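Thanks for sending this one over. Here are my comments, as numbered points to read alongside the model.

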Amino acid sequence: GSATINANSTGAGKGGTVNVTANTGGGAGTIVSAGTISAKGAGAGIGGTANLVANSSATLKVNDTINVSAGTTGNGGNITIRNEGVAAGNGGIIVSKNLTANATGNNTTGGNIVIDAVSAGFSSGAVTIDPITFSANGAGTTSKGGSIALRAGTAGVEIGRASCRERVSQ
């Protein structure tokens, strides 16, 4: 089955923070996100934060949506998915569901999405993205899109029919 992790604001306020960490000591610990992760703002609240971090030779897999969007008015939140690897290797990252960090309202900024399989001390891994959408959109006429960063080792980034975009909706 799949689980749902919610750190949403209620009423008006900033979305919360979700931290999922595997294998801080090195080895083949795994993160398989098989349920929705949500840290959305409410009312005039900004989006929250979702961090999935592994130090592993196993693949970090995101198999369900992550949403850190703003409430009715506010900036988008932040999503970080990172596999820093270990001496035995870096299993990389596979993302197969949508990631959303949208802003809402005028004069706001979309959030940030970082997918990083580059290791400072060990080998870096590949990033594979299935047919999905990453969204860090601004919302109003004076809003700005956020940022999307993909970092992989020599194996590179493989993008299926994914739509990696930054746009301002009007």
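Predicted model: local features only at pLDDT ≥ 70, side-chain atom pairs only at ≥ 80, totals over all residues.

**Notes on strands, core and charges**

1. Strands β2 and β5 run parallel, with 6 bridges joining them.

2. As for cover, 5 of the 6 residues of β5 are buried.

3. The largest nonpolar core is made up of 26 residues, and I66, I81, V95, L99 and I115 have the most contacts inside it. At least two residues each come from β2 (17-22), β5 (49-54), β6 (60-62), β8 (78-83), β9 (93-95), β11 (112-116) and β12 (127-129). The top contributor is β5, which gives 3 residues to this core. As background, nonpolar side chains in soluble globular proteins tend to be buried together.

4. L99 deserves a look of its own. Which residues does L99 contact, leaving aside neighbours within four places in sequence? They are V62, I66, I79, I81, I113, I115, T133, F134 and S135. I66, I81 and I115 are also listed with L99 among the residues with the most contacts inside the core.

5. On to the charged side chains, where the structure holds 2 salt bridges. In one of them, R82 and D116 meet at 3.3 Å, N to O. R82 sits in strand β8 and D116 in strand β11, so this pair links distant parts of the chain, 34 residues apart. In general, side chains of opposite charge can pair when their charged atoms come close.

6. R151 forms a salt bridge with D116 as well, and the closest N and O atoms are 2.9 Å apart. Because R151 belongs to strand β14 (residues 147-151) and D116 to strand β11, the pair ties together parts that are 35 residues apart in sequence. Through shared partners, the salt bridges join R82, D116 and R151 into one network.

7. Is D116 buried or exposed? D116 counts as buried because its relative accessibility is 3%, and the cut-off for buried is under 20%. R82, at 24% relative accessibility, counts as partly exposed. R151 is partly exposed too, with a relative accessible area of 42%.

Note on methods. Residues numbered from 1 in each chain as written. Heavy atoms only, no water. Core = buried A, V, L, I, M, F, W, Y, C linked by side-chain atoms within 4.5 Å. Buried < 20%, exposed > 50% of the residue type's maximum accessible area, 1.4 Å probe, protein only. Helix = DSSP H or I, 4+ residues; strand = E, 2+ residues; numbered from the N terminus. Contact = heavy atoms within 4.5 Å. Salt bridge = Lys/Arg side-chain N within 4 Å of Asp/Glu carboxyl O. Pairing = 2+ DSSP bridges.
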